[in-house]
Amino acid sequence: MSAVPTIGLRTAGLEVVAGVEKDAEAAALYGEMTGVEAVVADVADLRPGDLPPFEAVWASPPCQPYSGRIRLGSADPRDGIGALLSFVENFHPHILIVEEVPGFRNTCEHGLLLQSLYAWGYTPQERIVYALAFGVPQKRPRLIIVAHRGREWRPFPWPGGITMEIARRWG
Ligand SMILES: C[S@@+](CC[C@H](N)C(=O)[O-])C[C@H]1O[C@@H](n2cnc3c(N)ncnc32)[C@H](O)[C@@H]1O
């Protein structure tokens, strides 16, 4: 969890109960900037009881495996999708939000993530969102995946502005 999503989630009226970061320095900075408990751990190693109770998870896995000219995906040691899948399998949060670069779309890892979520009873939706359209000083687009537990189709209330809709109903 980084400070930027935490600010956004709070602005949306949510309480952020903890952040998880495997890099101790980054975790300390996150704690200083937000005042939120920063757990230093690999998300794949956590088990229920290691974190305060929560309903939703925001995940910003490393973008380097899916950015630039050479995209190694899960062959890149920095890739976080496998660890994220372990976390979801262990915790089964009600809601999962994943932020990645648009280059993540249509990769094997993207398919694995969506198929795993569906197999575990989630309904994922996704869109490319341009933060600049919402007053955030960042013009890079981001792929946002929102998945809720349950099979019923509940369209996510995506914000207006410059977005490219790629919402899908999986399955
Ligand atoms: C893309 S950055 C997050 C950036 C953030 N969205 C921001 O706005 O600053 C990804 C972070 O995830 C951390 N990370 C990667 N794999 C992890 C894992 N398995 N467990 C915990 N943290 C991990 C990295 O150390 C890195 O700080």
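Biologist: Which residues are buried in α3?
Modeller: I81, L84, F87 and V88 are the buried ones there. Keep in mind that this is a predicted model.

Biologist: Why are they on the same side of α3?
Modeller: Around the axis they cover an arc of only 115°, so they sit on the same side of α3. An α-helix has 3.6 residues a turn, so residues three or four places apart point the same way.

Biologist: What covers the buried residues of α3?
Modeller: The cover includes β3, β4 and α4.

Biologist: Let's take F87. How many C-beta neighbours does it have inside 10 Å?
Modeller: F87 has 23 C-beta neighbours inside 10 Å. The cut-off for buried is 20 or more, so F87 counts as buried.

Biologist: And what does F87 touch, leaving out residues up to four places away in sequence?
Modeller: On that count, F87 touches V43, A44 and L46. There is also R47, which is 40 residues from F87 along the chain. The C-alpha atoms of R47 and F87 are separated by 8.0 Å.

Biologist: Next, the core. Which residues of the largest nonpolar core touch the most other members?
Modeller: That core has 21 residues, and A59, L84, L96, I145 and A147 touch the most other members.

Biologist: Which elements each supply at least two residues of this core?
Modeller: They are β3 (56–59), α3 (81–91), β4 (95–100), α4 (108–119) and β6 (141–149). In general, nonpolar side chains in soluble globular proteins tend to be buried together.

Biologist: Pick A59. What does A59 touch, not counting residues up to four places away in sequence?
Modeller: A59 touches L84, L96, I97 and V98. L84 is also one of the buried residues of α3.

Biologist: Changing topic. What happens just after α3?
Modeller: H92 takes a positive phi of about 45° there. H92 is not a glycine. As a rule, most residues other than glycine have a negative phi.

Biologist: Where is H92, and is it buried or partly exposed?
Modeller: H92 lies in the loop between α3 and β4. It has 13 C-beta neighbours inside 10 Å, so H92 counts as partly exposed.

Biologist: What about N106, what is its phi?
Modeller: Phi of N106 is near 65°, a positive value in a residue other than glycine. N106 is in the loop between β4 and α4. With 8 C-beta neighbours inside 10 Å, N106 counts as exposed.

Biologist: Now zoom out. How many helices and strands are in the protein?
Modeller: The protein has 4 helices and 7 strands. From the N terminus, the order is α-β-α-β-β-α-β-α-β-β-β. The radius of gyration is 16 Å, close to the 16 Å from the globule rule for 171 residues, so the protein is as compact as a globular protein of that length.

Biologist: What does the C-alpha trace span?
Modeller: It spans about 35 × 35 × 35 Å along its principal axes. Buried residues make up 22% of the 171 residues.

Biologist: Last topic. Which domains does the domain assignment give?
Modeller: The assignment gives domain 1 (1–41) and domain 2 (42–165). Their C-alpha centres lie 17 Å apart.

Biologist: How many residues of domain 1 are in contact with domain 2?
Modeller: 10 residues of domain 1 are in contact with 10 residues of domain 2. On the domain 1 side, 8 are nonpolar, 1 is polar and 1 is charged.

Conventions:
Residues are numbered from 1 along each chain as its sequence is written. This is a predicted model: local features need pLDDT of at least 70, side-chain atom pairs count only at pLDDT 80 or more; totals for chains, interfaces and linings use all residues. A nonpolar core is a set of buried Ala, Val, Leu, Ile, Met, Phe, Trp, Tyr and Cys residues joined through C-beta atoms within 7 Å. A residue is buried if 20 or more other C-beta atoms lie within 10 Å of its own, exposed if 12 or fewer, and partly exposed in between; C-beta atoms are placed from the backbone. Two residues are in contact if their C-beta atoms, placed from the backbone, lie within 7 Å. The radius of gyration is taken over C-alpha atoms; the globule rule is 2.2 Å times the number of residues to the power 0.38. Domain bounds come from an automatic or database domain assignment. Ala, Val, Leu, Ile, Met, Phe, Trp, Tyr, Cys and Pro count as nonpolar, Asp, Glu, Lys and Arg as charged, and the others, Gly among them, as polar. The arc is that of the directions from the helix axis to the C-beta atoms.
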